[in-house]
Amino acid sequence: MLRIGVLVSGGGTNLQALLDAQAAGSLSSGRIALVLSSREGAYALERAGRAGVETAVVPRKAYPDAGEFDRAILRELREHRIDFVVLAGFLSILGPGVIGEYRDRIINVHPSLIPSFCGAGFYGLRVHQAALDYGVKVTGATVHLVNEVPDGGKILLQKAVEVREGDTPEILQKRVMEEAEWVLLPRAAQMCCAALEPLYRD
């Protein structure tokens, strides 16, 4: 069974979906062994604590540059013997150190159908505002492997979500999370961990 590290920055709703999947047995090829937050006081840390998962905080502002921040994250992942990394609302860009060491072992969920409304600067409500501004009738979520290009890694899973008349960015965000993100992320984590399990046994 792989040891999973989940990287977060905020409320942790996607983390909760992973924890629920683990509790239900649908995430069975990996175990969440660490929740690492880039912000102190993130509610995701409380979710982790309630589930009995170890936590760590690596605040971006505590490091003079992106390289030091990247090395600090890598130290925590190594210390907790993490095999597989899930970005679940992590608002910082990972550097080459983490990406290189965990090549093809990091996934991210993005709240659009990549390649639409993705890349540097597209996160949170900005993605949904852009979808509404463009007038698309369908949006959704994508789980992809993480590489050096923001939202540029191989697509693993996608799910479409209807855009409705009168949607606000907040309403659309909630629908995309409930109908797509919370469904896809645990499924992709299980899929990847099952494929990697023979190589990374706990």
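The protein chain that I am showing has six helices and seven strands, where helices (H or I, at least four residues) and strands (E, at least two) are DSSP runs numbered from the N terminus. This is a predicted model, in which local features need pLDDT of at least 70 and side-chain atom pairs count only at pLDDT 80 or more, while totals for chains, interfaces and linings use all residues. Residues are numbered from 1 along each chain as its sequence is written, and side-chain values use heavy atoms, with hydrogens and water left out.

Read along the sequence, the elements follow the pattern β-α-β-α-β-α-β-α-β-α-β-β-α. Of the 202 residues in the protein chain, 51% are buried, meaning under 20% relative accessible area, with exposed set at over 50% and partly exposed in between (1.4 Å probe, protein chains only). If we take contacts between residues at least 6 apart in sequence, 64% of them join residues at least 24 apart, a contact being heavy atoms within 4.5 Å.

Let me turn to the aromatic rings. The structure holds two aromatic pairs; rings of Phe, Tyr and Trp (its six-membered ring) pair if their centres lie within 6.5 Å, and planes under 30 degrees apart count as stacked, over 60 as edge-to-face and the rest as tilted. Tyrosine 63 and phenylalanine 69 form a tilted pair, at 6.3 Å centre to centre with 50° between the planes. Within this pair, tyrosine 63 is partly exposed at 23% relative accessibility, whereas phenylalanine 69 is buried at 3%. The rings of phenylalanine 117 and tyrosine 134 have their planes at 70° and their centres 6.0 Å apart, so this pair is edge-to-face. Here the pair links distant parts of the chain, 17 residues apart, with phenylalanine 117 in the loop between β5 (106–110) and α5 (125–134) and tyrosine 134 in helix α5. Phenylalanine 117 is buried, with a relative accessible area of 15%, whereas tyrosine 134 is exposed at 65% relative accessibility.

Finally, the pocket. Which residues lie nearest the centre of the largest pocket? They are Gly89, Phe90, Leu91, Tyr123 and Gly124, out of 40 residues that line the largest pocket. On a 1 Å grid over the protein atoms alone, a pocket is an open set of points where a 1.4 Å probe fits, with protein on both sides within 12 Å along at least five of seven lines, and lining residues have an atom within 4 Å of a point. The elements giving two or more residues to this lining are α1 (13–24), β5, β6 (138–145) and α6 (169–196).
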